[in-house]
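This briefing is meant to be read with the sequence and the model side by side. Please keep both in view while going through the points that follow.

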Amino acid sequence: MIHPTKLMRGAFLALAILGAAPLAGSGVPLLGVVSAHAQQQQLVGSVLFEGNRRFSDKQLLTMVDMSTSGIFSQQRLAADTESIRQAYDRDGFRGVSVTARTEVIPDGRVRVTFVVNEGDRAGIAAINFTGNNAFNSGNLKGAMLTKETGFLSWLFKDDSYDEQKLAVDRERIRLYYANRGYPDTQVTSVGEFDASRNAYFINFTINEGQKYTFGNVGIETSIDGLNTNALTGSVDTREGGGYSVSDLQKTIEDMSYEATSQGYAFADVRARLDRDVTNSRFNVTYLVDEGARIYVERINITGNTKTRDFVIRRELEFGEGDPFNRSMVIRGRKNIEALGFFSAVQLSTAPGSAADKVVLNIAVTEQSTGEYGATAGYSTSEGILGEISLTERNFLGRGQYLRAAIGASESGRTFDFSFTEPRFMGLKVAAGVDAYHRITDESSRNYYGVQATGGQLRASMPIMGDLSATVFAGAERKLITDTDGTYTSLLLNDGDEFYKAFVGYTLTWNSLDDTKKPTTGLYATFTQQYIGWDHNLLKSEARARYFIPLLDDSGIVASVRGQAGVINDFSGDGVNVVEAFLPGSQLIRGFESRGLGPRIVGDQYLGATMYAGLSAEIQFPIPVLPETYGLSGAIWADAAWIDDGTLPNTNGNAVDPDSIDSPWRTSIGASLIWDSPFGPLRGDFAHVLNKSTDDRTQLFQLTLQTLL
């Protein structure tokens, strides 16, 4: 049966087509169909940009749909214009305007030009907190990605207002509290734009909740044969310690890893928390049970346009066909993130071909791993200095490290090359080669010049826990130059050559919480190397530094540093001055380079064969300055001992008694530290308390801060 309504619609449509038929031959568009068809077929010849400084043409092209589709329409033009405007708005350019200009080019295509008027970028005038009684605003700002506008904001571009970034900041602040005893903290934020200042004011409101500690901690398991005593060493949640989400997670991961090493690959570790509101603590029981017997069927990796698959796969401590362990997957993700090759790493699972199989999907987002540039600076020991370097941390996508650098200062030039394969022959061994050519000129401090050319092979490997080892072997040639009549050496002659071959090892203990800005833990090294050929000696050095926070989350950190060195000469002729220790400001502050220690009569520096030093320091934030400036202060005290008995070979010259009349040197002082884009710079103001008569002191020195 034919529906009446459908019949009427069909009749009207037929009449409309018949009525329009005579017009088709005369070139009049048929109900607008011809013109619409023509408009859809207009092609884009090129897409250009004008006035853009914040984003490059290449970046803007990714935001424009017409550049990929190649089809022009007014709707797409409007959408692309809005897409560019929103990108600028997200980056803090509130006053941006974007217009489009079109032009038909000879081949009938359309040239589209987007004209951008960026205006001024809106910054962050202030970040304020309400309700933060436990932690000060400076510490909370340090946990955020968003920063207040400062004098380096033009470089870091970290002071833009972005709702998505603020959502991340709220979670970071919540985790900051959750890792310091406050599991119930709630964080909200509101951003207000001040048009008169072209800047935002961000206000955070914090409900801290009650502070908790860990109470009783126990381990229960249903796995026969599992050694729970061995698992206790993995527990970071000690009774009486502050509640911490990260400590809970780390304990679960380490405990699962330990169970796996005992042969229980399917062990599943969970934490059962019993809240004791009265005593403000959580009793923790770690449950170690046999998990589901699931195997990894396949590992899919996407997004790695440069990095090879095997570089990512080797960071996983399991492969296809191995048991699936949740904690091992989490550890693998952290290992991949630690490579520094990716801005984002996402792991997800999908069902496999059978109920006991799972597919692991790893999606990564590549980031730049190459760095090149020229830097310049000033050091009190080297004067004006500069360096041009090229560094690639992921060479050819194979995870290899490559660096070449040329440096120059008032005292000489340096040429360095370094290459490292992080997984030599597929093992957890980092093997590499270093080559160098270094020139030191004659000066009032160096009575002779040195041209040193050499290289070494090295290999590093983990031993256990925080302990690792490096073995190395190499050779070097030193050529002495003494052509400047102003400075004539009494220890060496112009044209002297010294060849050496060396072999040695370094043991490193690293239990720091953060190698860049440590607050707790121990970093220590012990190095021994035998030097032969033109020499016959054993050189040993030990260095260590221990960090401890003085007040929780105050930013005040104390450290104690110790170092010592000794050279054992087996030749019977004494240690040549070219291999002697040169203790200076790295041992004790307040002295010039080559300014302390034994000298011969005539004021030429000898160096030392034995030394020891101890230093205590307290570093603290400067409360009157914004955290974004990266400035902090320190007070310290140094003491050093330099052996004046066993000296390097004096070549028959007498030792100046005024240079060894006191083996002890002590100094105190204060420092200003700047976490600059080129590394942590520190200026030390020193007052020397004790020295030898001929030691040369200095009130101020500017150096790069190092751990040891």
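**Briefing on the predicted model**

Gly-426 counts as exposed, because its relative accessibility is 60% and exposed residues are those over 50%. Gly-426 sits in the loop that runs between β16 (412-421) and β17 (430-440), and its C-alpha lies 50 Å from that of Gln-210, a residue 216 positions away in sequence.

**Overall form and surface**

- In secondary structure, the protein chain comes to twelve helices and 30 strands.
- The radius of gyration of the protein chain is 34 Å, whereas a compact globule of 708 residues would have a value near 27 Å.
- Taken along the principal axes, a box of roughly 125 × 75 × 55 Å is filled by the C-alpha atoms of the protein chain.
- Of the 708 residues in the protein chain, 38% are buried, and the chain exposes about 36,400 Å², with carbon and sulfur atoms supplying 56% of that area.
- When contacts between residues at least 6 apart in sequence are considered, 60% of them join residues at least 24 apart.
- The side chains of the protein chain include 65 positive and 84 negative ones, and the centres of these two sets lie 7 Å apart.

**Nonpolar cores**

- The largest nonpolar core holds 20 residues, and the members that touch the most other members are Met-66, Ile-84, Tyr-88 and Phe-114.
- Two or more residues of this core are given by each of the elements β1 (44-50), α5 (74-90) and β3 (110-117).

**A buried loop residue, Thr-369**

- Thr-369 belongs to the loop between β12 (357-366) and β13 (370-379), and this threonine counts as buried because its relative accessibility is 4%, where buried means under 20%.
- Beyond its neighbours within four places in sequence, Thr-369 is in contact with Lys-306, Gly-340 and Phe-341, as well as with Thr-391, Glu-392, Arg-393 and Asn-394.
- Thr-369 and Phe-341 are 28 residues apart in sequence, and their C-alpha atoms are 6.1 Å apart in space.

**Loop residues with positive phi**

- Most residues other than glycine have a negative phi, and the residues in the next two points depart from that pattern.
- Asn-198 is not a glycine, yet it has a positive phi of about 50 degrees; this asparagine lies in the loop between β5 (186-194) and β6 (199-207), and it is partly exposed, with a relative accessible area of 22%.
- Ser-280, also a residue other than glycine, has a positive phi near 55 degrees; this serine is placed in the loop between β8 (267-276) and β9 (281-290), and at 17% relative accessibility it counts as buried.

Definitions and conventions:
Residues are numbered from 1 along each chain as its sequence is written. This is a predicted model: local features need pLDDT of at least 70, side-chain atom pairs count only at pLDDT 80 or more; totals for chains, interfaces and linings use all residues. Side-chain values use heavy atoms; hydrogens and water are left out. Helices (H or I, at least four residues) and strands (E, at least two) are DSSP runs, numbered from the N terminus. The radius of gyration is taken over C-alpha atoms; the globule rule is 2.2 Å times the number of residues to the power 0.38. Buried means under 20% relative accessible area, exposed over 50%, partly exposed in between (1.4 Å probe, protein chains only). Contact means heavy atoms within 4.5 Å. Accessible areas come from the Shrake-Rupley method with a 1.4 Å probe; for residues, only the protein chains shown count as cover. Lys and Arg count as positive and Asp and Glu as negative; His and the chain ends are not counted. The place of a charge is taken as NZ of Lys, CZ of Arg, CG of Asp or CD of Glu. A nonpolar core is a set of buried Ala, Val, Leu, Ile, Met, Phe, Trp, Tyr and Cys residues joined through side-chain atoms within 4.5 Å.
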